[in-house]
Amino acid sequence: MRYNEKELQALSRQPAEMAAELGMRGPKKGSVLKRRLVKLVVNFLFYFRTDEAEPVGALLLERCRVIREELSAFSISFIEDPERKYHFECSSEEQCQEWMEALRRASYEFMRRSLVFYRNEIRKVTGKDPLEQFGISEEARFQLSGLQA
């Protein structure tokens, strides 16, 4: 994936949907658990050293799986390489659940499917396509053809 480093750094400074210090272990063999400030901004998960303003890295939350590993731990892996997992440890089971739910909702695909679902529900109630007023009623990626959120 191509990205502009300055734009990515600017995005990392935007207000976060969620942010917390979590234990994090990367996918490399022998990787150790480190404390990281983790920020969810749109569909990127940024992670920072706790004493630095610039991110150490970012995960684009598309085509990924979020799986509970333990009561207060979860992992993120990507469909293209399921063996490559990023592990996160939370301070509680509740915090873990909150993070997992937020991460699952962060992808473009989830947002698109939700839009299609709610568009269909509004059309059932009102008889009108709510996106028609924006001139995107015929756009294929927002079609109502049987997709459910």
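How many residues does the hairpin that joins β5 to β6 run through? I take that up in point 3, after a word on conventions.

1. Conventions. This is a predicted model, so please keep in mind that local features need pLDDT of at least 70, side-chain atom pairs count only at pLDDT 80 or more, and totals for chains, interfaces and linings use all residues. Residues are numbered from 1 along each chain as its sequence is written, and side-chain values use heavy atoms, with hydrogens and water left out.

2. Overall layout. The protein chain has three helices and seven strands, in the order α-β-β-β-β-β-β-β-α-α from the N terminus. Both kinds of element are DSSP runs numbered from the N terminus: helices are H or I with at least four residues, strands E with at least two. Of the 149 residues, 33% are buried; here buried means under 20% relative accessible area, exposed over 50%, and partly exposed in between, with a 1.4 Å probe and protein chains only. Among contacts with a separation of 6 or more, 44% are between residues 24 or more positions apart, a contact being heavy atoms within 4.5 Å.

3. Strand pairing. Back to the opening question: the hairpin from β5 to β6 passes through two residues. Strands β5 and β6 (residues 73–78) run antiparallel and are joined by six bridges, with Cys64 opposite Phe78 in β6. Strand β1 (residues 18–25) has two partners to look at. With β2 (residues 34–41) it pairs in the antiparallel sense over seven bridges, and Ala19 stands opposite Lys39 there. With β7 (residues 81–89) the pairing of β1 is again antiparallel, over three bridges, and Met24 has Phe88 as its bridge partner in β7. Pairing here requires that DSSP finds at least two bridges between the strands.

4. The second largest pocket. This pocket holds about 290 Å³ of space. Its lining counts 13 residues, and Met24, Gly26, Pro27, Ser31 and Tyr47 are the closest to the centre. Strands β1, β2 and β7 each supply at least two lining residues. By type, the lining divides into six nonpolar, two polar and five charged residues. For your own comparison, a pocket is an open set of points on a 1 Å grid over the protein atoms alone, where a 1.4 Å probe fits, with protein on both sides within 12 Å along at least five of seven lines; lining residues have an atom within 4 Å of a point. Grid points are joined across faces, edges and corners, and the volume is the space filled by probe spheres set on the points. Ala, Val, Leu, Ile, Met, Phe, Trp, Tyr, Cys and Pro count as nonpolar, Asp, Glu, Lys and Arg as charged, and the others, Gly among them, as polar.

5. Salt bridges. The whole structure contains seven salt bridges, each a side-chain nitrogen of Lys or Arg within 4 Å of a carboxyl oxygen of Asp or Glu. Glu54 and Arg13 form one of them, at 2.9 Å from N to O. Because Glu54 sits in the loop between β3 (44–49) and β4 (57–60) and Arg13 in the loop between α1 (5–12) and β1, this pair ties together parts that are 41 residues apart in sequence. Lys85 and Glu69 make another, with the closest N and O atoms 3.4 Å apart; the pair links Lys85 in β7 to Glu69 in β5 (residues 64–70), 16 residues apart. Lys85 is partly exposed at 26%, and Glu69 is partly exposed at 34%.

6. A charged network. Arg119, Arg123 and Asp129 are linked by salt bridges. Between Asp129 and Arg123 the closest N and O atoms are 3.7 Å apart. Asp129 counts as buried because its relative accessibility is 8%, while Arg123 is partly exposed at 35%.

7. Most residues other than glycine have a negative phi. Val42, in the loop between β2 and β3, has a positive phi near 55°. Arg63, in the loop between β4 and β5, also has a positive phi, near 55°. Ser107, in the loop between α2 (93–105) and α3 (108–126), is buried at 12% relative accessibility. Beyond its neighbours within four places in sequence, Ser107 is in contact with Asn43, Leu61 and Glu62.
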